[in-house]
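Here are some notes to read alongside the model. Please keep the structure open as you go through the points.

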Amino acid sequence: MATQDARSTTLRDFDVDPAVVARGHTPSLYSRERFVRCESCGVTVPYSVTAEGPVRRALDELASIPCGRYELPDVSVGDHIPTVTPEHPTKGRSVVCESCGRSARLGENRRRVLKELATIPCAPGLTGVELVDLVFSPTAFTPLLSDLGIDRWYGRFGGSHDEEIVRQFRHERFQYTAYVRVKSDGTHAVALSISPNGAVEPLDKHRFPSADSTDPAARRAAVTFVTFLSATDPLTAGEFETLHSAYEDAYRNHRERWIGDAYDDARDAFENRFGDTPEAFTDAFADSSAGIDEVLRRMIGSGGFSDQSEVAFAAETLGHEHEFPGFIDFVAERHGWSPPISDE
């Protein structure tokens, strides 16, 4: 008699002729999992112990069920070639594309699952469609973040008190949460908050032009966001705060250089216009309390007697606003990883 859980145990070990006892089925014995399965129709019958009596009773139960091929609904799935796996005792059946290998549990709504398969290009590896779906609205075929090597960030649907929140991402090691919101004009944005409370002013916002997975701009935005998740995934709370402090220092230094460039350009413009330095102007009006920077803002900027802020003065003088990536973009641009998206 075969021993329980033996790796090589087959039905022949029980002196059973599968063609005779199974009545049209093509049974196989899964001794370690302790079930008998028909490889033709996928019907699976579990048993308690790998011994002759329980196995024969499982075969009798299998024989009592007509062997019929499991049919999928008539739903167009594009270039995919769907097949159905045998039924698992606890997980049920799955649909698998023979070409690209994508799979998902069928569940009760088989038509919905097949329609979701049809939206994904039949191509090996991750596609841009699936990446955008991962951010906004995962389907049965959307890979898990863990499939991309992101283990500590996890996604949830919606927000309990904010209807604009369609999805959120939380980290298991610190309190930061990324909320995906949809606006009335159809645009989307990810708001990175220091609190699980979505009403708190966010650290940064990463905007999406749309949630359309066919939009290249939406895909690029999804790549940036998922890259940020990958970059921050292994961090502790203290490490994350250190990273954000480093970003703030970089932002502040860049802003100071931008304003400094504006004063340098304004000084050159002052000397060209008036034939002398700003210092000579302030020396000529010793009773004035205006400093060199204020003189440049008033004489070169359009503020006149109404002094401008440094930011407005710099934007006018240099011809552009201060341009520096947000925190999410800043981290993603410096992370040596990106989602493994295949050519579609």
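1. In which sense do β9 and β10 pair, and over how many bridges? The pairing of β9 with β10 is antiparallel and runs over 6 bridges. Strands count as paired if DSSP finds at least two bridges between them. The names come from DSSP runs, numbered from the N terminus: helices are H or I runs of at least four residues, and strands are E runs of at least two.

2. A word on the source before going further. This is a predicted model, in which local features need pLDDT of at least 70 and side-chain atom pairs count only at pLDDT 80 or more, while totals for chains, interfaces and linings use all residues. Residues are numbered from 1 along each chain as its sequence is written, and side-chain values use heavy atoms, with hydrogens and water left out.

3. Back to β9 and its partners. Tyrosine 179 has alanine 191 of β10 as its bridge partner. The two strands form a hairpin with 5 residues between them, and glycine 186 in that turn has a positive phi of about 90°. A hairpin through 5 residues joins β8 to β9. Of the 6 residues in β9, 5 are buried (buried means under 20% relative accessible area, exposed over 50%, partly exposed in between, with a 1.4 Å probe and protein chains only).

4. Next, look inside. The largest nonpolar core has 32 residues, and those with the most contacts inside it are Trp153, Phe169, Leu192 and Phe228. Such a core is a set of buried Ala, Val, Leu, Ile, Met, Phe, Trp, Tyr and Cys residues joined through side-chain atoms within 4.5 Å. Elements that each supply at least two of its residues include β9 (177-182), β10 (188-193) and α6 (237-274). The largest share, 7 residues, comes from α5. A second, separate core of 14 residues includes Val36, Cys41, Val43 and Leu59.

5. Now the helices. Helix α4 (residues 128-136) packs against helix α5 (residues 216-232) at an angle of about 65°, with the axes 9 Å apart. Axes are lines fitted to C-alpha atoms, for helices over the stretch in contact, and angles run from 0 to 180 degrees between N-to-C directions.

6. Finally, visit the open sheet of 3 strands, ordered β1-β2-β3 with antiparallel pairing. Its edge strands are β1 (27-30) and β3 (44-46), each pairing on one side only. The twist averages 20° from one strand to the next. Strand β2 (residues 35-38) is joined to β3 by 3 bridges, with arginine 37 partnered by threonine 44.

7. The loop between β1 and β2 deserves a stop. Arginine 34 sits there and has a positive phi of about 60° although it is not a glycine. Most residues other than glycine have a negative phi. Serine 31 lies in the loop between β1 and β2, and counts as buried because its relative accessibility is 5%.
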